[in-house]
Amino acid sequence: MSKQDRSGGSILQFAPFQSFVDEGFWHRLSSLKLNKLGIDDSPISITGFYAPCSHSQVSNHLALLSESLSSDESEQSSIPEISRGNRNRCAVPGIIYNTNTLEAYHALDKKSLLKEEAKKIWEDIHTGKAVEDSAVLSRFLLISFADLKKWSFHYWFAFPALTFDPPVTVVDLKPASQWFTSQEADSVSVACNEWRNSSLTADVPFFLVCIASNSHATIRHLKDWEACQGDGLKVLFGFYDPCHLPNNPGWPLRNFLALICSRWNLKTVHFLCYRENRGFADLGLSLVGEAVITIPQGWGDVHCVPNPVGWELNKGRHMSRVINLAKSMDPAMLAISAADLNLKLMRWRALPSLNLDKLSSTKCLLLGAGTLGCQVARMLMAWGVRKITLLDNGRVAMSNPLRQSLYTLDNCLNGGDFKAMAAVKSLKQIFPAVEAEGVVMAIPMPGHPVSSQEEESMLEDCRRLHELVDSHDAVFLLTDTRESRWLPALLCANANKITITAALGFDSFLVMRHGPGPLNSTKTDDLNAEPGNALSADIDGLALADNGGKRLGCYFCNDVVAPTDSTANRTLDQQCTVTRPGVAPIASSLAAELFVDILHHPIGIFAEGEIANSTNCDSSDQPLGILPHQIRGSLHQFSQMTLVGHASNSCTACCSTVVTEYRKRGKEFLLQAINHPTYLEDLTGLTELMKSASSFNLDWDNEIDPDDDDDYLEL
């Protein structure tokens, strides 16, 4: 109720604005913060929405929706694009200060911020902008802190209102239906409904109600004030009132009265608090009152800003609000947001060039789902890779879960689940958004001959592996035998794929990237291979790096014999991959890091091999550091070194002779290479090389040249 002043009048009291924030606004703010703003905490323009009260028991709120913020693709300083003419959404300009820390949020000078926004309203009143665009009278302020790890948001609204000293008094405040005559009420209702139904005026929240002597009412824009004077017209200042209370006008009237007083120097104002019922004017709910204003001293001076009020109360107290969206979010979406959080935070300061789109779209093929495969898959997911295929034909054994991180005891029961399928299931449980696929098949290997009855099955496996390599962007060779890496290495050299090999010893490891293939990018279609995807096409379009005509070698380039059966005549400790438990996680992590380095290097697989601490290495322009060829490490000495090895013209997997023969002969070549390992030695000239080597008597020089201090070792 209004309070009585000393002269017997009633002090006009206003019902404060109430805020509502849709979840979509917080999601949009989070996306903008992560993907564009980073640590930039500059104020951002936003748009709020409100409408006239439409229910006798409920006030309308000023709402923030997802479209209240500009999209993260547009400029942060721009005002969001808002469609006009929506009768249920009157757009109001606002500004948000989103801080980087909770401490900064609490330390904000709220008094100064409120006064700054009030100053904008005061200037708009004096410049006439508020007459042309009356929505600026309801300008608002929002301060916030977004805790994106916990999905909680601290926030506080302010609706700046210019205060009168002395306060405004009201002589009469009653339902509009009692203030107007019946004829005037009917005409006003019709005029208001027409105003609200027009797309040109539906969302114009402040207006003039002009009533002629014949009781005919019209609604006019504020700029038409002078035209409404004289001729016996009754003029009321109308506004969309979000409040439902029968004895109090809503908050927008405060600054409206300031405009009226300052602009037209009126001391007595008749106002209409326009309210609706089911979309039509309701003069029984609407209010009409007569405000008496004592014009404060200095109100004619634009530099003399009245004291503002307007911080929203929370349960009757001056305190901010907090909302947590974690419980209301879909668990899968929450997992995606949480998984991407660390990567997006990297781009704020440490790694602005990190290409998350490239990481998420790159298809990775992991050959082997054992100790290395499980760990590499998890590392790739941590880097944002979302498309992973695991290939393995083994089953989960009781000894596996302790070292192979994607399996549990349940996977070992009833003979054991297939590793490829169990690994995929585990990956999806860890991160539901991963696009993982399992392939159960054996890799054909040299030195493991097949009978004539098995040839078709073996060739089908070769064809299938060929298609898998062609349909992926990167291939990881993570199997536990040397010969099982031969066919994948050949197929990757043929297709120019990013290829990473990781191999383990008892206390040592090798992680290396293969160089590009020896020939152009034309693929053989002898095994019905499909053309590569867009990323592979980009790689194919590159020329070899200028490295003196040399390219980096593959896993087999240092061998002088063809790969053979390494599993025959082995004791139990030789049959199992017996390594120190810490070796595989180290090698797996390095394999994933090496892959990410290649993906972000300007020339990818064609980049030269770099050596740590080398004077020939220029990695200053690469945000992820050097891009080595080989990384060899030893836990025995807790040491690690980077090496470079160029491709061999006699390599049994990647030399031009082998790749050309594969392209020409296809199936026949594979049958011969797998059933007769010495064929590869004969084809590449290794047989002749060994004969030539055995005919020489070498005298070793035991002296070491002190000047022979190359920056890198060629293997």
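Which residues of H12 are buried?

1. Helix H12 answers that opening point. This is a predicted model, and in it the buried residues of H12 are Met458, Leu459, Cys462, Leu465, His466, Leu468, Val469 and Asp470. The helix covers residues 455-470, 16 residues in total. From first C-alpha to last it reaches 22 Å, close to the 22 Å expected at 1.5 Å a residue.

2. Helix H11 passes a similar check on length. It takes in residues 419-430. At 1.5 Å a residue its twelve residues should span 16 Å, and the end C-alpha atoms are 16 Å apart, so the two values agree. Buried in H11 are Lys419, Ala420, Ala422, Ala423, Val424, Ser426 and Leu427. Note that Lys419 and Ser426 are on that list. The cover over the buried residues of H11 includes helix H10 (371-382), strand E20 (387-391) and strand E21 (435-439).

3. Next, the nonpolar cores. The largest has 91 residues. Within this core, Phe25, Phe256 and Leu257 touch the most other members. Helix H7 (residues 252-264) gives the most to it, with eight residues. Another core lies apart from it and has 54 residues, among them Leu380, Trp383, Phe431 and Leu635.

4. Leu257 deserves a look of its own. Residues up to four places away in sequence are not counted here. Leu257 then touches Leu12, Phe14, Phe164, Val168, Val269, Ala291 and Ile293.

5. Why does Leu64 count as buried? Its relative accessibility is 0%, and buried means under 20%. Leu64 and Phe20 are 44 residues apart in sequence, yet 6.4 Å apart in space, C-alpha to C-alpha. Leaving aside neighbours within four places in sequence, Leu64 is in contact with Phe20, Val21, Asp22, Phe25, Ile46, Thr47, Gly48, Phe140, Leu142 and Phe157.

6. How many aromatic pairs does the structure hold? There are 28. Phe25 and Trp26 form one that is edge-to-face, with 5.3 Å centre to centre and 75 degrees between the planes. Phe25 is buried, with a relative accessible area of 0%. Trp26 is buried too, at 1%. Both residues belong to one aromatic cluster, together with Phe17, Tyr50, Phe140, Trp151, Phe153, Tyr155, Phe157 and Phe159.

7. A second pair is tilted: Trp486 and Phe669, 6.3 Å centre to centre, with 40 degrees between the planes. This pair links distant parts of the chain. Trp486 sits in helix H13 (residues 486-495), Phe669 in helix H18 (residues 667-675), and they are 183 residues apart. Trp486 is buried at 0% relative accessible area. Phe669 is buried, also at 0%.

8. Two arginines lie over aromatic rings. The charged end of Arg89 sits over the ring of Phe49, 4.5 Å from its centre. Arg254 lies over the face of Trp251, at 4.8 Å from the ring centre.

9. Last, a hairpin. Strands E25 (residues 630-634) and E26 (residues 639-643) run antiparallel, joined by five bridges. Arg632 has Met641 in E26 as its bridge partner. Four residues lie between the strands of this hairpin. Which residue takes a positive phi in the hairpin of E25 and E26? That is Phe638, with phi near 45 degrees.

Terms used
Residues numbered from 1 in each chain as written. Predicted model: local features only at pLDDT ≥ 70, side-chain atom pairs only at ≥ 80, totals over all residues. Heavy atoms only, no water. Pairing = 2+ DSSP bridges. Helix = DSSP H or I, 4+ residues; strand = E, 2+ residues; numbered from the N terminus. Core = buried A, V, L, I, M, F, W, Y, C linked by side-chain atoms within 4.5 Å. Buried < 20%, exposed > 50% of the residue type's maximum accessible area, 1.4 Å probe, protein only. Contact = heavy atoms within 4.5 Å. Expected span 1.5 Å × (residues − 1). Phe/Tyr/Trp six-rings, centres within 6.5 Å; stacked < 30°, edge-to-face > 60°. Lys NZ or Arg CZ within 6 Å of the ring centre and 35° of its normal.
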